[in-house]
Amino acid sequence: MKRAFVILVLWCLLAVAGILLQNNYLVSVATSAAFLALWGQSWNVLGGLSGNVSLGHSMFVAIPAYVTVLLFQQADVPPLLGALLGILAAVALAAVIGAATLRLRGPYFSLATLAAGAVVLSLILHFDELTGGPSGVAISFAKDAPEKLEFTNVRAYYLIAITLLAAVTLFVDMIKRSRLGYYIAAIKSSEEAAAAAGVRVAWIKVLAFCLSAALTALGGVFYVFFIGFADPNFLAGLALSIKIALIAVVGGTGFLVGPIIGAIFYETIDAVANAYFGAVGGWDVMILGFSVVAIVMTDPRGICFMAERLWQAATHQFTRRFAAGDA
Amino acid sequence: MTVLNVLTQAIVNGLLIGGVYALVAVGLNLMFGVMKLVNFAHGEFLMAGMYVALSLAGLALPPGLLGIYWVAVPTMLIMAVIGAAFYLLLLDRAARFGESPQILLTIGLSIGVQGFAQVLRGSDFKSVPNPINGAALHLGRIYFQVGPAISFAVAIGVTIIMAWALRSTRFGKSARAVAESVETAEMLGIDARRVYMVSTAIAIGLVGLAGALLIPYHFTFPNVGQNFVVVAFLAIVIAGLGSVLGAVFGGLLLGVMQSLTAAYLDLDLSTAAIYVLFLAVLLLRPQGLFTKGQRTL
């Protein structure tokens, strides 16, 4: 309950800040950050809790996005119903891929998900009569139509994004402290021991993968309407998959705020580099990549653990000094 | 052209491009076999090798068909030194980290180096005019492109040397021992960290060599490595992670597969086809096609 209350308060603060903020560019940067944080949070259900690093999560962004947009544009299916079908499609895909690949461990699983993501991308590019191929699908709208998820003010998407982020964060927290969460944690420390204790390892891993896919898909559907354009090389690209994993791990997988910190870190670097070096390409990517290297080398567990260690050191110093002065 | 001609030509093209994949994959698999580390930045070392080779070729370009190949050995040596530095600065410490931080570290490095190349050299496609580009030999009705053929021949040569070195040299025996069990190897007096460093230097040197062999007939740009390294990843899993000889077969197999799909189905699907083959192998034979049981290297 306490956590739910904290999240509610934070949500209110962010909502008010977003509505008051005049700068549309900053609001859309914050919206992107919220979506990234949501995906990182979803990735954590499998990647963080069980330690299986997926490098194909962008397929769970792309598939529901395409399903929703195409059903809407070509068959007049309302986006909210389409979204449901899209999320189901993502879960079905996760179940198939998970059942097939989750018995593989470590780098095998990472490479298998990377390959699956690349297959999805090349299929989207290949069936261009349906998907528009490399040129993607544009969503054009001129007026507000909430039932079609079309808003002219970027703040609407901002509010949707932080609401989804809050909901997913609460949900992931619930999973973590549920029976399922403990099963997944047991699998992370040792699959053999978990299996010996009666955990149905294979089933639990597939379930975690499906949950992770469903949450990612939820973000994907709304994201594509926020961007207004289904770009296959972005939505289904390896770069997005990597970004999702990076954000979760750089933030710190053990913390509920980890992906949020990771997303803020990423978007800040991106925005600052673009502001300073705008025209000259490469700086944003270079700074981001090398700061990831620096963070991992300083503390492989991520920013949150680094902050915690600094905080502990500071409070320790403080109490020592205080005690010394007192005596 | 007859049906048979198309088929033969596709297989020849596939084998020749497979040679580059093999050279990239050999180093990747050496590092995985010895250090149990998948180097996601391997493609960026290929890219770096190509830029180094281009700069060297810019310094001097001897005449003659094979003149440009003088850069191969210097590039390989420069990249080997960079590989050793890569080990000492990053991997030595990262060896103690868990798996996901290691994946993250090499991915971060790969992104950072790509950005660095773009900042330093821009994102346009670079090449150096030379007689190899477009040169082809005709054997009956089959074309052999000279550039890829040279890469292929070098890849085969390197594989033979590596296979011999792993079997017979002192380093090779140590590397195999470390791959089998670090603890036992260290008990026997093998300096595992030295083996790691030399393996990384060899792996990065070989990918640099692959880069130098590519520049006569392939454009250089900051994310050129991605195209090759992903296929190399798949090649080493298909062949069996850790098996150096397998990596070469895997690379050639994927090259042929890609070329056949491009010839008979569609160029777009040539990538999908190798991924599907990869997923099929993972499901049916996760230990890889060319490994017996648990043996590595």
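Colleague: Is the crossing of α2(B) and α4(B) left-handed or right-handed?
Modeller: Bear in mind that this is a predicted model. On the α2(B) side, the contact is made by B:Gly43, B:Glu44, B:Met47, B:Ala48 and B:Tyr51. Facing them from α4(B) are B:Ser110, B:Val113, B:Gln114, B:Ala117 and B:Arg121. The crossing of these two helices is left-handed.

Colleague: And are α2(B) and α4(B) roughly parallel or roughly antiparallel?
Modeller: Their axes lie 9 Å apart, and the helices pack at an angle of about 25°. Angles under 35 degrees count as roughly parallel. So α2(B) and α4(B) come out roughly parallel.

Colleague: Which element gives the most residues to the side of chain B that touches chain A?
Modeller: In that interface, 39 residues of chain B are in contact with 36 residues of chain A. The elements giving two or more residues on the chain B side are α3, α4, α9 and α11 of chain B. With 17 residues, the top contributor is α4(B).

Colleague: How many residues on that side of chain B are nonpolar?
Modeller: Sorting that side by class puts nine residues down as polar and four as charged. The nonpolar ones number 26.

Colleague: Over in chain A, how far does α14(A) reach from its first C-alpha to its last?
Modeller: Helix α14(A) covers residues 283-298, which is 16 residues. Its buried residues include A:Trp283, A:Met286 and A:Val293. The reach is close to what's expected at 1.5 Å a residue, and comes to 22 Å.

Conventions:
Residues are numbered from 1 along each chain as its sequence is written. Chains are lettered from A and ligands numbered from 1 in the order in which they are written. This is a predicted model: local features need pLDDT of at least 70, side-chain atom pairs count only at pLDDT 80 or more; totals for chains, interfaces and linings use all residues. Two residues are in contact if their C-beta atoms, placed from the backbone, lie within 7 Å. Helices (H or I, at least four residues) and strands (E, at least two) are DSSP runs, numbered from the N terminus. Ala, Val, Leu, Ile, Met, Phe, Trp, Tyr, Cys and Pro count as nonpolar, Asp, Glu, Lys and Arg as charged, and the others, Gly among them, as polar. Axes are lines fitted to C-alpha atoms, for helices over the stretch in contact, and angles run from 0 to 180 degrees between N-to-C directions. Angles under 35 degrees count as roughly parallel, over 145 as roughly antiparallel, 65 to 115 as roughly perpendicular and the rest as oblique. A crossing is left-handed if the near helix is turned anticlockwise from the far one by less than a right angle, and right-handed if clockwise. The expected span of a helix is 1.5 Å times one less than its number of residues. A residue is buried if 20 or more other C-beta atoms lie within 10 Å of its own, exposed if 12 or fewer, and partly exposed in between; C-beta atoms are placed from the backbone.
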